[in-house]
Structures are given as C-alpha cells and as structure tokens.
Amino acid sequence: MCEKLRKTRWKAAFLLLFVVCAFRMQAQVSMPRANESFWRDSVPETMRQSYIGYGEKFLGKPWTVLPWTVFAENKINGNRVNYEGICFEKRRQLAALVMAEVMEGKGRFLNDVINGLGSFCEETWWGIPAHYGKRIPLTDTQEVDLFNAETASLIAWTKYMLQPQFDAFSPDLCQRIDREIERRILKPALQHNYWWKTAGMNWNPWICSNWLTCVLLCEHDDSRRQQAVNQIEKATQAFIDAYPEDGGCDEGPGYWDRAAASMFEVLSLLGKEPSLKIRNMAAYAYKTYIGNDYCVNFADAHDNKTLLQVNIVYPFGRWLDDRTMRQFGAYLGRQKNILQNPASLYDKSGNFPTLGRELMFLRHIGEFMQEVPREPGLKDVWMPDLQIMTARRDSFFVAMKGGNNGESHNHNDVGSFVVYASQSPLLIDVGVGEYTSKTFGNNRYDIWTMQSQYHNLPQVNGYDQKDGKQYAAAVVAQRAGTLCLDIAKAYPGDAGVSSWKRTVVAAKRGITVTEDYELKEYKAPSRLMLLTTVEPRCEAQGVIRLGNHCIKYEASALDVAVEDISGQLDPLLQRVWGTKMFRVVMTIRSHAIKNKIKYSIL
C-alpha cells in the first residue's frame, strides 16, 4: 500500500508541476487575437492605417514559388543574396498582410493570408541555401537554421492571431500548419544535438527564441513540450555563460538584436529574472550607440545605421526596468516616426519584420507613448572584457577596440578605432559587404574588408595582422577618454615587432593618436592606414583636410598618400556608405627600431 501511495503521490506531484509549468508558459504568450478589440481601441489610428496601407500593397499579389536554380547559386558560384532577397520578400509579404488584418479586423486580407500559408506549406525547406548542404532543398532533410526557425515562428504567430478565422474557413488549415511546424522544427530541433545549442553567439538564442514560440503555440505533445523547454533553457544558459561579465557582444551591434535581444525573448517567455550580466548584455546596445542612428560597427556589421529596432529595444528595457534603455527605445521610436508610419520600417528591417516582436511591442504601446524619449549620449564607456572604449567630447565621438582576432564574425581589427564628428562618420570601420559562401569559408580573410590593412591600423614592417585568438591586444592603460593597447601580438612573428603601444585620447577639441613602437629589426616601411568616406585633400605640409575637419601630423615623420578604393565597394557597401571611399596611407619615414609618432583628428 505504501508503495502504491508513494507512486500515486509522485504522479500527482508531477502532474501538478507540469500544469504549473504549462500555465506559466501559456501566460507568457497571452496576446489578444486579431478579432479582439484591443487592436482597434489601443493602437493609435495613425499606426493602424500605416499597417493597413502597407498590407494593401500585397492584396491580390501572387505568392512566389522560390526557384531552385537560384537556391543552387550558393553552391555554384557562392551567391546567396539573390535567393535571400526573394525569400525574405515573400516573408515580408505574409507579415504585412497579417498585420493589416490584425489592425483592420474585417477579413479583407484573409484570403491572401490563407493562400500564402498554402504556398509556405508547399515550400520544401524554410531556410536559406548558405545553411544547407545540398544544391537543392530535400523534403527529408529539415535542417534547423536561423530562417527555418524564423519562418516557423512567423507562421506560428499567424496561426495564433487568426485561428478562429482559419477554423471558420477550414479546421484542416491549422492542423496542417501544426504538422508542418512539427516536422520542420519541433521534432528535428528536439532530436538533434545541433552545434548551436552550446554556442555563445547569435545562432543559439535566435533559433531558441523562435523554437520556443513554436513550442508554446503549436506543440501538442506534453512530454515533448517539456523536453523542448528543458533543452531551450539549457541552450540559453550556455549562451549566457559564454558571454563576458561586461555583457559585450564580440559580434558587434549588427548582431546584438539577434543575440542578447533574442535571449531576452526566451527568458521573458519563460518567466525568468534577469541577472547583472544580462543587464550588461542589454546595455551594450546603448553603450555602443553613437548618435544620429549610428552604432559602433566593429566585426560583421552590414550597416551601422538603423541597426537597433524599437520593437525589441523598448520591450527589453521595459522587462529590465532599465530607464535608460526604455527612454532610448522611446527616442528611437520617435526618430523613426513609428507612431505615424511604423510599416515604413518593414523595408528597412534587415531580413524581414519579425511578427512576434511587432505584436509584443504593440501589446504595450500605451506605456511606450507615455515614455520620455531620450538619446543615451553616454560620455565614457569602458568594457574591460571586450576591451572596447568609447568617449564623447564636444562634437567628437571615438571608439577603440582591443580583443583578439578569433572573435565571432571576426575581422582582423585589433586596436582599430573609429571617429565621428557631429554624429557623422569621419574615420570609419567599413564593416562587411554582401555575404557569399566565401564569407564563412576557409578563404574569409582573402576578402578585403576582413583585412587589417583596410582598418584604421598599422601595417608593421610590411605585415598585416593574422586571424586567431592568439593574435590579441594587451591593455596597457585605461581611463575615461583614454585607452592604450599594446597590439604587437596581433601581428605574426615575422613582423618582428616587440611592442606597439597605440594610445587614443579623446581631448576637448579632437582625438589624438600616439604610435609608440619597438621593432626587433627594420624590414620594410611601416604604414598607418585610415579609412574615410570624406575625400581627403593634402592642402599643406602636415595637414590632411577631411571636409570641415582635418588630420594634423608631423610632415617630417610621415609621407602621405591617398588611395581611392571606391571600386572595391559592392552594392551593399555602396548603400551603406555611398559610392566613394578612400584610404589614407601614412608611411613612416624613419628606419629606427624605436620610434614614436603622433597625429590628431581635429
């Protein structure tokens, strides 16, 4: 009897635990559906009409069948953007139609949404060719990548928001959606020990946030649901553990919104409490903010403007009760005119708008409108683990990084710095152009944007920096507005450099840079590279004019040449920076093995 009673109590306890967990999870995704009055009563009319008007652009538009020949281009010639452009536009079309129907609530967009869902269900695979091993997608090979997961989440939210309307059309529709999500993400994500489950970079939380959404909205197997939640919690903790205590994202602000921000989505859905590290991970977004929509763009940043989206910055700040972040989100929203024309951001959102984020943001639109908008404008920032310093003095902003050349989405850029004047770029980090198969292949560092000679860095004895974690900086000194790094170890042994202490100082009227170095031997002239989109003009000895600003240097110490590198810009880089780019090459005249060079940006 005792054994039977013990088992009965154990089963009851387990059932109670499961019910509590299930209730908690369901509570976290409570959201008014499209037929509820919240969307018509709480969302400002100007915003509603923006979503509706954008959705009208897609009324009656045919649904694209994604071409396999374009999918295959990634394996044939390395191109990935052609397929991604078609694929992402199709997903944007669905998100736009759903948002329009949610806001209007009259059924006018339903037929297009239903036909779209049919088209998505007929796609062989929901991801992108760069993340797939075959030349064409195969039904039985359902890899879980970023965009397989992102598409599954888009469709899961579509089902959730419009389920009563779908059921009225055909009860088979939602059942078909559940089956597709089950075979494309729920089962494979649970069954395979994917590498990203232990990764400390964006793939982990980006996929987990979308996987969790699908679990909460489409998983009907109780045991599998709990197993999935356990795996997601474990994976997310692995991501957090891999981060430094300062919360720095070595992938750069361009990936923050799919790294730390996606982590927030997981934790908030699971009802977790934030730690200090998580607060630091959130604050990275405004610590690296320059102004005028620009962010510091070290590593693989496709664009350092419009990187941060209000539909994740504000909810993240609200969850943390981080006043600076909440007000920053409110500021971004006002700057981007979100209360009048939010749908205009759909075409500027990178890949395609994330439906869940848009809905979660609008759930708290009343609070958002009451928030005081304020640009962060932090005077000094120091992230010791990532070795990033930023400083703001008068009209100048400077950021410098140390770290190592084995970081995620790495460029060989240890010791590089950027300078902005009046919130406009002066000395830049180019970022990265269009992704191809080469970008993440063995020949990544053949790409010019990855090389140290195309960053604001020295070329030592004719040698550039090397990739790998061992090629790193050492902090010599740091205080507010000043950072001194020894970057000698970022260069190969053949460079013959004993020390190269680079000091960047944000002064009252400009930025000063000192190169204090010692070589083991002189092999070839060392050169100092500076990248800019402002055409440099050597107007006088010791002065390089950059529009309203200039670089002053000791003419007897340096020979200066200007190279027009505009021809190296691909279409993406041209959209980011314009059609002109220049490299200033300052060649050190001295053959001495110990030397000190100083120059200023004024």
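Biologist: Which side chains meet in a salt bridge at 2.7 Å, N to O?

Modeller: First, the basis: this is a predicted model, in which local features need pLDDT of at least 70, side-chain atom pairs count only at pLDDT 80 or more, and totals for chains, interfaces and linings use all residues. Residues are numbered from 1 along each chain as its sequence is written, and side-chain values use heavy atoms, with hydrogens and water left out. A salt bridge is a side-chain nitrogen of Lys or Arg within 4 Å of a carboxyl oxygen of Asp or Glu. Here the side chains of Arg502 and Glu515 form such a contact, at 2.7 Å from N to O. Arg502 belongs to strand β13 and Glu515 to strand β14 (residues 510–519), so the pair ties together parts that are 13 residues apart in sequence. Helices (H or I, at least four residues) and strands (E, at least two) are DSSP runs, numbered from the N terminus.

Biologist: Is Arg502 buried or exposed?

Modeller: Buried means under 20% relative accessible area, exposed over 50%, and partly exposed in between (1.4 Å probe, protein chains only). Arg502 is buried, as is Glu515.

Biologist: What does the side chain of Asp257 meet in a salt bridge?

Modeller: Its partner is the side chain of Arg357, at 3.5 Å from N to O. Asp257 lies in the loop between α12 (253–256) and α13 (260–269), and Arg357 in helix α17 (residues 355–362), so this pair ties together parts that are 100 residues apart in sequence. Asp257 is buried with a relative accessible area of 12%, and Arg357 is buried with 4%.

Biologist: How many salt bridges does the structure hold?

Modeller: The structure holds 33 salt bridges. Among them is that of Glu123 with Lys90, at 2.9 Å from N to O.

Biologist: Let us turn to strands. Which strands pair with β12?

Modeller: Two strands pair if DSSP finds at least two bridges between them. Strand β11 (residues 474–479) pairs with β12 in the antiparallel sense over five bridges, and five bridges also join β12 to strand β13 (residues 497–507), again antiparallel. Val475 has Leu485 as its bridge partner in β12, while Leu483 stands opposite Val504 in β13.

Biologist: Why is β12 largely enclosed by the rest of the structure?

Modeller: Five of the five residues of β12 (residues 482–486) are buried, so the strand is largely enclosed. Thr482, Cys484 and Asp486 cover one side, and Leu483 and Leu485 the other; all are buried.
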